[in-house]
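Trainee: I have this model open on my screen and would like a close look at a single part of it. Could you take me from the whole chain down to the annotated region and the residues in it?

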Amino acid sequence: MNLQERLEELKAQGLKAIKDSKKLKEINDIRVKLLGKKGQITEVLRGMRDLPKEERPKIGVMANRVRDELTNAISNRQDEIEIQKVAQKLEAEKIDVTLPGVPVKAGQPHVLSQIIDEIEKLFLGLGFQIVEGPEVEEDHYNFEMLNLPPDHPARDMQDTFYITDKTLMRTQTSPVQARTLEKHDFSKGPLKMISPGKVYRRDTDDATHSHQFHQVEGLVVGENITMANLKGTLQLVAKTIFGEDREIRLRPSYFPFTEPSAEVDVSCFKCGGKGCSVCKQSGWIEVLGAGMVHPNVLKMAGVDPETYGGFAFGLGPDRFAMLKYGVDDIREFYLNDLRFLSQFSQKG
Ligand code: FA5
């Protein structure tokens, strides 16, 4: 076989092997076998030394053409294999966009937040401002400014967690009354505010008591504010939260920062006032404390009690929620059990 025939043969074999190759490694092996330093084509080119001078150019041209053809074929096949590889990968990793997604469970505000939101909405509609106060409070505001000097016996009812001698976890939202009264400019009109938030007491946890619970404080101070205004406001709260047919009643009570003071009951949601096990046969359930702001509280905040007066109340949203939904243990609100919490739809 002369060199020309050998070249033709190598070309035909090479092209066929390139065409049949499936992997990049295979094609690389073919390249080395044909065109590498010790490759078959390279060998042919070396063999040209033994040819008569006049034949060399012809064979040289042919050998170069065969080498170029094989190089192109290798490069094209490499590209094809690469493309196939990508196509296979895409096929294998195909995402079926018609598959149903993993459902994201929509949450909802905690039932206590729902009650507080409802109360806030009502009071915003009545033109009240919403004020927040610190949970780590000064003894000065939590007690003294509310007419509870050190050693006042009523402090015992609200024993709490002290941070230092002078700072404590607030036992009530009433300190926000004192803080707001101090700042209010009465030349601009009466003060109407509510203040929701967490409070803390060293109460032993039981079905109706928690060491951490919520209160919403209310305070109105201005000229000619009467107890009738207090009663009307609380009636509205009861009807908004518990329903149109709820009545309230005020019972005389004692708070150092209000005079007169009242404990406020709502007619029982279960029996409507006839008497049942929920209301302990009384027809009424206690929900909040209230009263007319004590003149000492006004004086201490720099407000003239001869000109201004008003009412205040402090209600417990935890107890409201218990009554509204018939929950018999306050601790349920703090256990974070979604089976319990998800029962309370947003609309309540
Ligand atoms: C007060 O805390 C007064 N600051 C309320 C007040 C404000 C009176 C303004 C007058 C003027 P009392 O301790 O009664 O009052 O608490 C008010 C409400 O908080 C109660 O009616 C009850 O609903 C709720 N509450 C009290 N202690 C607990 C507790 N341990 N767990 C859950 N709720 C409680």
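Mentor: Happy to! Accessible areas here come from the Shrake-Rupley method with a 1.4 Å probe. On that basis, the surface of the chain in this predicted model comes to about 19900 Å², and carbon and sulfur atoms hold 53% of that. Of its 348 residues, 42% count as buried.

Now for the overall form. The radius of gyration is 44 Å, whereas a compact globule of 348 residues would be near 20 Å. The C-alpha atoms fill a box of roughly 135 × 45 × 40 Å along the principal axes.

The part to zoom in on is residues 111-323, which an unreviewed UniProt entry lists as "domain: Aminoacyl-transfer RNA synthetases class-II family profile". This stretch is 27% helix and 30% strand, and its end C-alpha atoms lie 12 Å apart.

Let's begin inside it with helix H7, residues 175-183, where Pro175, Val176, Gln177, Ala178, Thr180 and Leu181 are buried. What do those buried residues pack against? Their partners include strands S2 (136-138), S4 (191-200), S5 (212-222) and S9 (309-315). Helices H6 (139-142) and H9 (295-300) are also on the list.

Next comes helix H8, residues 227-242, which holds Ile241. Since buried means under 20% relative accessible area, Ile241 counts as buried because its value is 4%. Leaving aside residues up to four places away in sequence, Ile241 touches Ile115, Glu118, Ile119, Phe320 and Lys324. Met300, by contrast, is 34 Å from Ile241, C-alpha to C-alpha, and 59 residues away in sequence.

Finally, look at Glu259, which carries the UniProt annotation "binding site" in an unreviewed entry. Glu259 sits in strand S7, residues 258-267. Is this residue buried, partly exposed or exposed? Glu259 is partly exposed, because its relative accessible area is 48% and the exposed class needs over 50%. With residues up to four places away in sequence set aside, Glu259 touches Met292 and His294.

Technical notes
Residues are numbered from 1 along each chain as its sequence is written. This is a predicted model: local features need pLDDT of at least 70, side-chain atom pairs count only at pLDDT 80 or more; totals for chains, interfaces and linings use all residues. Side-chain values use heavy atoms; hydrogens and water are left out. The radius of gyration is taken over C-alpha atoms; the globule rule is 2.2 Å times the number of residues to the power 0.38. Buried means under 20% relative accessible area, exposed over 50%, partly exposed in between (1.4 Å probe, protein chains only). UniProt positions are given in the numbering used here, feature names are shortened, and annotations may be inferred rather than shown by experiment. Helices (H or I, at least four residues) and strands (E, at least two) are DSSP runs, numbered from the N terminus. Contact means heavy atoms within 4.5 Å.
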